[in-house]
Amino acid sequence: MATPEILVLDFGSQTTQLIARRLRECGVYTEIYPYHLSLETIRSKQPKGIILSGGPASVYDSQAYHANPGILELKIPILGICYGLQWLVHSLGGRVARARSQEFGRAHLENLQNHPLLAEIEPSSVVWMSHGDRVEVLPPDFQTLAQSAHAPFCAIAHTHKPLYGLQFHPESAHSAQGGRILANFARLCGCTQDWNMQDFLAQQIQSIKAQVRGDRVLCAVSGGVDSSVVAVLCARALGAQVEVVFVDHGLLRAGERDQVVDMFADLQIPLHVIDAQDLFLQRLKGVVDPEKKRQIIGHAFIEVFENKAKELSKQGAIKWLAQGTLYPDVIESVSLKGPSAVIKSHHNVGGLPEKMRLKLLEPLRELFKDEVRALGARLGLPEKMLARHPFPGPGLAIRILGEVTPPSLELLRQADSIFIEALHTEGLYSEVWQAFCVLLNVFSVGVMGDKRTYDNTIALRAVVASDGMSAHCAPLPLEFLERVANAIINQVSGINRVVYDITSKPPGTIEWE
Ligand code: XMP
């Protein structure tokens, strides 16, 4: 296993993984651990530097989180970010107090010194703030490197020890030069900065082998990028120990099953295809409630998988389930203090691991979507598959408002493939994060060839996003939307109206259910 050059100690910030991501971008391998990692373990990893993340607590609270103060004696560079900075200041004899006015959002960083931590950072640059506390008094021997309107000690450094602090979040995409500041810190640590996705691949293969040893693994693929990358990665690491299973639940898009089958055939990875269309459609009969649909689909998945796993177990017990969980999936469902609010019950193969006592193998849980695509490219997955938009596990069922029936699925499939094809033809597909049609089950009056129609409405949805956690309506040209609307109405019998959804997330969600 590679040893991390920088350790990130996590105090529970929502953006801790972004710190690791930004460091990966500048060629530094990092590992994230809870803030209370023992000094002994830290020493054994021989890091070249430590970053203390932000977090929701206040250092002066009785419930405050404290890292082991022994890290301050390790003589390696330490960078505290937000709460991490406040913890450094508090631990070294400075004072942190509740700020008179909290600071959330953009602020202007005024770079006061030509310090190596802020090398090549403009005199004034935009940074992202998110704090209620602030430093009031610096500890002895600290100097101010930069200030902002509400944070006089916005960037600080010890005068002769390698201890640094930033009140803002350099890992946020909103901090214009944040990546450069983290790269500067990596330089101060003496990092080699030569890590890349090929190294990640090699590490993951080793780590999967070490975790799984001789056990057998079940891997569910949906046809999407994430699960396909996991399946290929596991197959590369474990060969015939992996059983890759694809369930056709009848809620797929036009041609999707064939595409998946062809891709795995090309990659020479055996694929078990289970045709469970009748079971899923039967269970969904008469169901209109979105959460109920999701639960039914989730349970049916578990059932189908359980049966297949039992069958496959005859050749040797299956002990692991490999899943394509990405970092944004983790952050939407977990926090340091407990689970965050459930907006929609996201469906992977949830429930199966506990029920069957399967251990979870989630090799992508630290990555963001674009990193998964880069990894997929290294694994030899076709570009067309890697560029595919995300597709939800419950498939078209959550894009049909109301009851899911074979005729409604057919209408939606036809309209959707016209929209997606047009995006490809006009070079717009890769401009959007996700695009799809929704069948509204809303009927309206129209006129076609002098005849009155009373038919279905399709909503086109296209969003721009960086990770799906927030999104905006994609500004597709009106003429393009009109061409798509005409094509759908002319080619799909039963649809006489097309609308474009312009809702952002939040307050909307990307999917309609
Ligand atoms: P929402 O609708 O919550 O979707 O804004 C955010 C992203 O997640 C996808 N999505 C899912 N993916 N299982 C999945 O694997 C699900 O149950 C699920 N529900 C939503 C959605 O397509 C978007 O990319």
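Biologist: Which helices and strands each supply at least two residues of the lining of the second largest pocket?

Modeller: This is a predicted model, and in it that lining draws on α1, α3 (83-91), β5 (95-111), β6 (124-137), α10 (327-333) and α12 (369-378). The largest share comes from β6, with 6 residues.

Biologist: OK, and which residues lie nearest the centre of that pocket?

Modeller: Q14, T15, L18, W128 and S172 do, out of 41 lining residues. The space inside is about 1000 Å³. Sorted by class, the lining has 18 polar, 16 nonpolar and 7 charged residues.

Biologist: What happens just after α1?

Modeller: G27 sits there with a positive phi of about 75°.

Biologist: New topic: the largest nonpolar core. How many residues does it have?

Modeller: It has 99 residues, and those with the most contacts inside it are L375, F419, I458, L476 and I488. Helix α6 (residues 225-238) gives the most to this core, 10 residues.

Biologist: What is I488 in contact with, leaving aside neighbours within four places in sequence?

Modeller: A415, I418, C437, I458, L460, I495 and V498.

Biologist: And what does the second, separate core include?

Modeller: That one has 33 residues, among them C82, A107, A146 and A183.

Note on methods: Residues numbered from 1 in each chain as written. Predicted model: local features only at pLDDT ≥ 70, side-chain atom pairs only at ≥ 80, totals over all residues. Heavy atoms only, no water. Core = buried A, V, L, I, M, F, W, Y, C linked by side-chain atoms within 4.5 Å. Buried < 20%, exposed > 50% of the residue type's maximum accessible area, 1.4 Å probe, protein only. Helix = DSSP H or I, 4+ residues; strand = E, 2+ residues; numbered from the N terminus. Contact = heavy atoms within 4.5 Å. 1 Å grid on protein atoms, 1.4 Å probe; cavity = no way out; pocket = protein on both sides within 12 Å on 5 of 7 lines; lining within 4 Å. Points joined across faces, edges and corners; volume = space filled by probe spheres on them. Nonpolar A, V, L, I, M, F, W, Y, C, P; charged D, E, K, R; others polar.
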